[in-house]
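Visitor: I would like a close look at a single part of this model, taken slowly and with the terms spelled out.

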Amino acid sequence: DILNENGYNTAAFTGGFDYDFRYNLINRFSKAEALPSSESQVFGYGSLSQSTRLASDWMEKNSDKKFFVFVQGYDVHCPFTPDKKFDIYDPEYNGTLDASACYITFEDAEPFYKGGKKFFRVNAVFSDRSEDAALDEDDVRHLAALYDSEIKQTDAVIGRFLDEIENMGLFKNTI
């Protein structure tokens, strides 16, 4: 509101969900888009690469004005499904974990043992259902590796976005 009142053109490009219009967090921007779209990730989360693409297009058209842009996405959020080129941290994993699910628990998962192997009870939430699941230590390690891969992928998206800001000649006047 303060930026709008002081002549700034404001825009928000988000991954939806918590930043959906119904929550009234982005409604006062001059321009706002809350993804997901048909190309978004499952669970209704829009990706940062979608948001940065929209923000870049908007900034190119508004680069001659003072502006504030808010860009957000849910890439580092379950389900952990990084692009294959970023999935590099656990190449030896040979388990059967379905990475299309969000594995959740609302309290510490006490381990149990089956066949001498340690497991943790969790809830596997898919886009269309949820079910009880048991993860072994290799599965837990693999989930952490997928998370790290998504951080690496997100870092690459942010790097490309910053390069685009520089290529537009906006970098030295941007914070």
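Which strands does helix α2 (residues 48–62) lie across, and at about how many degrees does the helix run to β3?

Guide: This is a predicted model, in which local features need pLDDT of at least 70 and side-chain atom pairs count only at pLDDT 80 or more, while totals for chains, interfaces and linings use all residues. Residues are numbered from 1 along each chain as its sequence is written, and side-chain values use heavy atoms, with hydrogens and water left out.

Helix α2 lies across β1, β2 and β3, and runs at about 170 degrees to β3; helices (H or I, at least four residues) and strands (E, at least two) are DSSP runs numbered from the N terminus, contact means heavy atoms within 4.5 Å, and angles run from 0 to 180 degrees between the N-to-C directions of axes, which are lines fitted to C-alpha atoms, for helices over the stretch in contact.

The three strands form an open sheet in the order β2-β1-β3, with parallel pairing, where two strands pair if DSSP finds at least two bridges between them. The edge strands, each pairing on one side only, are β2 (31–34) and β3 (67–71), and neighbouring strands are turned by 5 degrees against each other on average, direction ignored. Strand β1 (residues 9–14) is joined to β2 by four bridges, and Thr14 has Ala34 of β2 as its bridge partner.

Within helix α2 sits Ser56, which counts as buried because its relative accessibility is 5% (buried means under 20% relative accessible area, exposed over 50%, partly exposed in between, with a 1.4 Å probe and protein chains only). Leaving aside residues up to four places away in sequence, Ser56 touches Phe161, Glu164 and Met168.
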